Amino acid sequence: MALSLRSPYLGAPSADGILIGDKRYSEVFLAIDSSTIPEERLSPTPSALDGLDPETETDLRILGCELVQSAGILLRLPQVAMATGQVLFHRFFYSKSFIRNSFEIVAMACVNLASKIEESPRRVRDVINVFHHLKQSRGKKAITPLVLDNNYINTKNQVIKAERRILRDLGFCVHVKHPHKVIVMYLQVLECEKNQILVQTAWNYMNDALRTNVFVRFEAETIACACIYLAARALQIPLPNKPHWYLLFGATEDDLKEICICTLRLYSRKKPNFEQLEKEVEKRRTLLDEAKLKAKGLNPNGTPALVGAGSFSPASKPSQFIYFIAVKENGQTMLRPTRFAARRSRSGTYSSHSSHSPSPRQHKGHRSPPLPYQKADQRNNGDGEPIRHGGKRRRSRSRSRSVDGSRGRGRDYAKLKHERSGSGRHRDHRGRERSRDRSHRSKHPSRSHSAHGRHRR
């Protein structure tokens with residue numbers, strides 16, 4: 001059903017409704033004798049709710065209707081088809097926003113749909129080609145033929161989808177009652193049909209009024225009376241006033257004045273600028289998308305937003321890490337969590353630093369406590385002092401020269417690798433290292449073990 005039209009809601013639904021399956025639906029009465037929009041839906045419009053000002057929206061409506069009219073002339077459509085396309089354009093944008101829908105694509109779809117409704121169908125390719133020509137003429141560019149590339153295919157798909165969207169949003173209630181024939185009939189009643197200037201002037205006012213929203217606010221009979229009234233006043237042709245002639249056709253003076261004011265206001269407006277309107281719509285669309293992403297907690301590029309990102313910087317909030325150290329308390333080894341904070345160095349990088357554990361440079365004699373997976377013979381050497389090869393840290397290779405100039409190399413071979421296979425393999429490895437040490441000393445008996453020994457115990 002069309003939410004933006006009054007016709008689907010003319011009949012009041014009954015209390016019982018219609019039972020379809022196991023659900024009950026309210027009755028809806030469809031009629032085509034009225035296609036006006038209720039007053040409560042005229043303001044605010046969906047475009048106004050999205051932040052578009054009324055002046056810009058009015059310019060977009062005028063520009064869209066001018067595109068429909070110009071395209072219909074180039075496509076050689078009847079005036080009734082062009083009028084139908086403009087009315088559909090107004091109806092659609094009273095249910096949808098200009099920011100969320102491209103008015104140029106919707107104008108193409110309205111021309112294509114109106115040509116089918118008035119039984120003068122045109123191909124989608126012809127409609128796109130005509131709008132392409134109008135765009136080049138508007139920009140004062142060299143007229144070039146439309147290239148059938150991927151852009152053309154995408155535009156064609158968008159026009160087809162927009163046509164379906166118009167039908168869905170209007171509830172397939174696309175009937176438009178035009179006042180063209182009504183004007184001629186009323187002038188025949190007033191015996192003025194032979195005055196061709198009056199007929200043509202009233203017809204012109206009616207075609208110009210299509211750019212305003214009077215066709216979605218008033219009935220076709222009232223619009224016909226207003227056009228005749230305005231044409232007679234402009235040409236200074238007297239019409240019956242005792243009683244007033246428009247009362248015979250069910251129109252009121254207030255409605256006639258409102259329609260005349262809307263039509264005459266159209267002539268005092270500046271011609272809308274296509275590029276400027278596109279920029280304004282794109283700006284509002286960008287702001288709307290950013291507001292949506294912000295409501296979802298995302299950045300404009302779609303990434304998750306940080307909490308308090310305005311005051312975030314790598315220098316002000318360094319990274320922090322948590323690790324565990326082994327601590328011996330009451331004869332039991334326990335793991336205690338410690339927090340590391342990354343400190344910024346002079347070069348601009350960050351290095352881990354713990355506020356709870358001392359620095360190796362400050363405490364050179366500090367030893368790490370024994371880990372729980374070390375055996376008793378690896379933790380100490382019997383008298384409570386830890387052996388040097390029980391630590392996990394590997395000593396750096398150092399070189400030193402003795403007094404007599406000979407080179408001595410020392411390496412802490414007793415680096416214990418905590419093998420996965422267990423302690424048996426570790427003990428076999430130690431035995432092989434000791435036998436290698438004895439064979440080395442037998443080959444070089446003159447060397448001093450304290451100064452030039454290969455292995456340091």
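Biologist: Which residues does histidine 180 touch, not counting residues up to four places away in sequence?

Modeller: Bearing in mind that this is a predicted model, histidine 180 touches Gln79, Ala83, Trp203, Met206 and Asn207 once those sequence neighbours are set aside. The residue is found in helix α7, and its relative accessible area of 5% makes histidine 180 buried, since buried means under 20%.

Biologist: Which other residues of helix α7 are buried, and what covers them?

Modeller: Helix α7 spans residues 180-189, and its buried residues are His180, Val182, Ile183, Tyr186 and Leu187. They cover an arc of only 165° around the axis, and therefore lie on the same side of α7. What covers these buried residues includes α3 (79-92), α8 (196-209) and α9 (220-235). Just after α7, glutamate 191 takes a positive phi of about 60°.

Biologist: How should I read the packing of two helices, and what angle and distance apply to α3 and α4?

Modeller: Two packed helices are described by the angle between their axes and the distance between the axes. In this structure, α3 and helix α4, which covers residues 103-117, pack at an angle of about 135° with their axes 8 Å apart. That angle makes α3 oblique to α4, and the crossing of the two helices is right-handed.

Biologist: Which residues make that contact between α3 and α4, and what are they by class?

Modeller: From α3 the contact draws on Ala81, Thr84, Gly85, Leu88, Phe89 and Phe92, while α4 contributes Phe103, Val106, Ala107, Cys110, Leu113, Ala114 and Ile117. By class, the contact of α3 with α4 has 11 nonpolar, two polar and no charged residues.

Biologist: At what angle does α4 pack with α6?

Modeller: Helix α6 covers residues 150-169, and α4 packs with α6 at an angle of about 65°, their axes being 8 Å apart. That makes α4 roughly perpendicular to α6, and the crossing of α4 and α6 is right-handed. On the α4 side the residues are Ile105, Val106, Met108, Ala109, Cys110, Asn112, Leu113 and Lys116, and in α6 they meet Thr155, Gln158, Val159, Ala162, Glu163, Ile166 and Leu167. By class, the contact of α4 with α6 has 10 nonpolar, three polar and two charged residues. Val106, Cys110 and Leu113 are listed in the contact of α4 with α3, and these residues are listed in the contact of α4 with α6 as well.

Biologist: Where is glutamate 118 placed, and is the residue buried or partly exposed?

Modeller: Glutamate 118 has its place in the loop between α4 and α5 (124-138), and with a relative accessible area of 25% the residue is partly exposed. Leaving aside neighbours within four places in sequence, glutamate 118 is in contact with Val80, Ala81, Thr84 and His178. Of these, valine 80 is 38 residues apart from glutamate 118 in sequence, yet the two are 7.3 Å apart in space, C-alpha to C-alpha.

Biologist: How many of the contacts in the chain with a separation of 6 or more come from residues 24 or more positions apart?

Modeller: Such residues account for 63% of the contacts in the chain with a separation of 6 or more. The chain has 14 helices and seven strands, and buried residues make up 35% of its 457 residues.

Notes: Residues numbered from 1 in each chain as written. Predicted model: local features only at pLDDT ≥ 70, side-chain atom pairs only at ≥ 80, totals over all residues. Heavy atoms only, no water. Buried < 20%, exposed > 50% of the residue type's maximum accessible area, 1.4 Å probe, protein only. Helix = DSSP H or I, 4+ residues; strand = E, 2+ residues; numbered from the N terminus. Arc of directions from axis to C-beta. Contact = heavy atoms within 4.5 Å. Axes fitted to C-alpha atoms, helices over the stretch in contact; angles between N-to-C directions. Parallel < 35°, antiparallel > 145°, perpendicular 65-115°, else oblique. Left-handed = near helix turned anticlockwise from the far one by under 90°. Nonpolar A, V, L, I, M, F, W, Y, C, P; charged D, E, K, R; others polar.
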